[in-house]
Amino acid sequence: QVQLVESGGGLVQAGGSLRLSCAASGVFFSSYTMGWFRQAPGKEREFVAAINRSVGSTSYADSVKGRFTISRDNAKKTVYLQMNSLKPEDTAVYYCARRSLTSTTIYDYWGQGTQVTVSS
């Protein structure tokens, strides 16, 4: 049984930082690409960042490049999202997800989400 549990969300002023964590249960965590997504009120869920299983390759949405950093600790089965220079438009529920081994676009397990609110 795979479970993903996010933490680290909260309220922060514009320009501030937050670090999100996503703890995974289940075996073979290191075999999977992990991603972060977000969904703002009234908007569709959007991709934020991903990190592949080899920890050498990352990808980011243009809106967060240079401000957010995704990383992982396979020994702790945890993936992180360091968010700096936060903007009010970063306000959303942030989800971590595990990408399917058989697809480059399908994420098959999702966490429950953590709220990030950036005040202006």
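This is a predicted model: local features need pLDDT of at least 70, side-chain atom pairs count only at pLDDT 80 or more; totals for chains, interfaces and linings use all residues.

Trainee: OK, is Tyr107 buried or exposed?

Mentor: Tyr107 counts as buried, at 13% relative accessibility.

Trainee: And how many aromatic pairs are there?

Mentor: The whole-structure search finds four. Rings of Phe, Tyr and Trp (its six-membered ring) pair if their centres lie within 6.5 Å; planes under 30 degrees apart are stacked, over 60 edge-to-face, and the rest tilted. Take Phe37 and Trp110: their ring centres are 4.8 Å apart and the planes sit at 55°, so that pair is tilted. It links distant parts of the chain, with Phe37 in strand S4 (residues 34–39) and Trp110 in strand S10 (residues 107–110), 73 residues apart. Strands here are DSSP runs (E, at least two residues), numbered from the N terminus, while helices are H or I runs of at least four.

Trainee: What's the accessibility of Phe37, and of Trp110?

Mentor: Phe37 is buried at 11% relative accessible area, whereas Trp110 is partly exposed at 30%. Trp110 also pairs with Tyr107: centres 6.2 Å apart, planes at 55°, so tilted.

Trainee: Which residues end up in the cluster?

Mentor: Ring pairs link Phe37, Phe47, Tyr107 and Trp110.

Trainee: Switching topic, where's the disulfide?

Mentor: Cys22 is joined to Cys96, S to S 1.9 Å; a disulfide is a pair of cysteine sulfur atoms within 2.5 Å. Cys22 sits in strand S3 (residues 18–25) and Cys96 in strand S9 (residues 92–99), 74 residues apart. Both cysteines are buried.

Trainee: Why is the disulfide called right-handed?

Mentor: Because the torsion about the S-S bond of Cys22 and Cys96 is about 40°.

Trainee: Last one, which ring does Arg72 sit over?

Mentor: The charged end of Arg72 is over Phe29, 4.6 Å from the ring centre. The rule is NZ of Lys or CZ of Arg within 6 Å of the ring centre and within 35 degrees of the ring normal. Arg45 lies over the face of Tyr95 too, at 5.6 Å from the ring centre.

Note on methods. Residues are numbered from 1 along each chain as its sequence is written. Side-chain values use heavy atoms; hydrogens and water are left out. Buried means under 20% relative accessible area, exposed over 50%, partly exposed in between (1.4 Å probe, protein chains only).
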